[in-house]
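Please look over the chain shown here. The report below goes through its strands, its core and a few residues at its surface.

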Amino acid sequence: MIQRDVMLLFLTLGYSLMFGQHRIEGIIQIEKAVPIPYSNVMLMTDSQELMKGEVADTTGYFSFEQIPSGNYQLIISAIGYEGFQQDMRLVKDVDLGILN
């Protein structure tokens, strides 16, 4: 019984490591800690396909969940502001902190 439970635990851990899903989050602000609410945030794959899209909330916060490991490009845009792009290799959860 114990051997079966231990084997099941290792199989579950191995599966989550191989097919891990990650989280990306950040806050969009201009200088002086002023948020840019409702900014458009897109996560693009290497082949320039849209992986996920999100709109930041009133505090400029955004997050993407259940993103597989891989190479991505984060693109942020908002009317009246200069756009932002960042390439990233995702292998674990990422907190981008404050982006300005």
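The sections that follow describe a predicted model, beginning with the overall layout.

## Overall layout

The chain has one helix and eight strands. Read from the N terminus, the order of elements is α-β-β-β-β-β-β-β-β. Of the 100 residues in the chain, 30% are buried. Among contacts with a separation of 6 or more, 53% are between residues 24 or more positions apart.

The accessible surface of the chain is about 7100 Å², and carbon and sulfur atoms account for 59% of that area.

## Strand pairing around β1

Strand β1 covers residues 21-30. It is joined to β5 by six bridges, and these two strands run antiparallel. With β8, β1 pairs in the parallel sense through four bridges; here Ile28 faces Leu99 in β8.

β1 also runs antiparallel to β2, with two bridges between them. Strand β2 consists of residues 34-35, and its residue Val34 is the bridge partner of Ile30. β1 and β2 make a hairpin in which three residues separate the strands.

Strand β3 (40-45) is connected to β4 (residues 50-55) by five bridges in an antiparallel arrangement. Asn40 is opposite Val55 of β4. The two strands form a hairpin with four residues between them, and Gln48 in the turn has a positive phi of about 65°.

In soluble globular proteins, nonpolar side chains tend to be buried together. The largest nonpolar core of this chain has 17 residues, and Phe62, Phe64 and Leu74 touch the most other members. At least two core residues come from each of β1 (21-30), β3 (40-45), β5 (61-68), β6 (70-77), β7 (84-90) and β8 (94-99).

What does Phe64 touch, leaving aside residues up to four places away in sequence? Its contacts are His22, Arg23, Ile24, Val41, Met42, Leu43, Lys52, Gly53, Glu54 and Leu74.

## Positive phi in two loops

Most residues other than glycine have a negative phi, and most peptide bonds are trans. Lys32 is not a glycine, yet its phi is positive, at about 70°. This residue belongs to the loop between β1 and β2, in the turn of their hairpin. Lys32 has a relative accessible area of 79%, so it counts as exposed.

Tyr38 is another residue other than glycine with a positive phi, near 60°. It is located in the loop between β2 and β3. Is Tyr38 buried or exposed? Tyr38 is exposed, because its relative accessible area is 54% and the cut-off for exposed is over 50%.

## A nonpolar surface patch

Ile30, Val34 and Tyr81 make up a nonpolar patch on the surface, and together they have about 230 Å² of accessible area. Two of these residues, Ile30 and Val34, are also bridge partners. Val34 counts as partly exposed because its relative accessibility is 38%, which lies between the cut-offs of 20% for buried and 50% for exposed.

Terms used
Residues are numbered from 1 along each chain as its sequence is written. This is a predicted model: local features need pLDDT of at least 70, side-chain atom pairs count only at pLDDT 80 or more; totals for chains, interfaces and linings use all residues. Side-chain values use heavy atoms; hydrogens and water are left out. Patches are made of residues with over 30% relative accessible area and no salt bridge: like charges are joined within 9 Å, nonpolar side chains (Val, Leu, Ile, Met, Phe, Trp, Tyr) within 5 Å. Accessible areas come from the Shrake-Rupley method with a 1.4 Å probe; for residues, only the protein chains shown count as cover. A salt bridge is a side-chain nitrogen of Lys or Arg within 4 Å of a carboxyl oxygen of Asp or Glu. Buried means under 20% relative accessible area, exposed over 50%, partly exposed in between (1.4 Å probe, protein chains only). A nonpolar core is a set of buried Ala, Val, Leu, Ile, Met, Phe, Trp, Tyr and Cys residues joined through side-chain atoms within 4.5 Å. Contact means heavy atoms within 4.5 Å. Two strands pair if DSSP finds at least two bridges between them.
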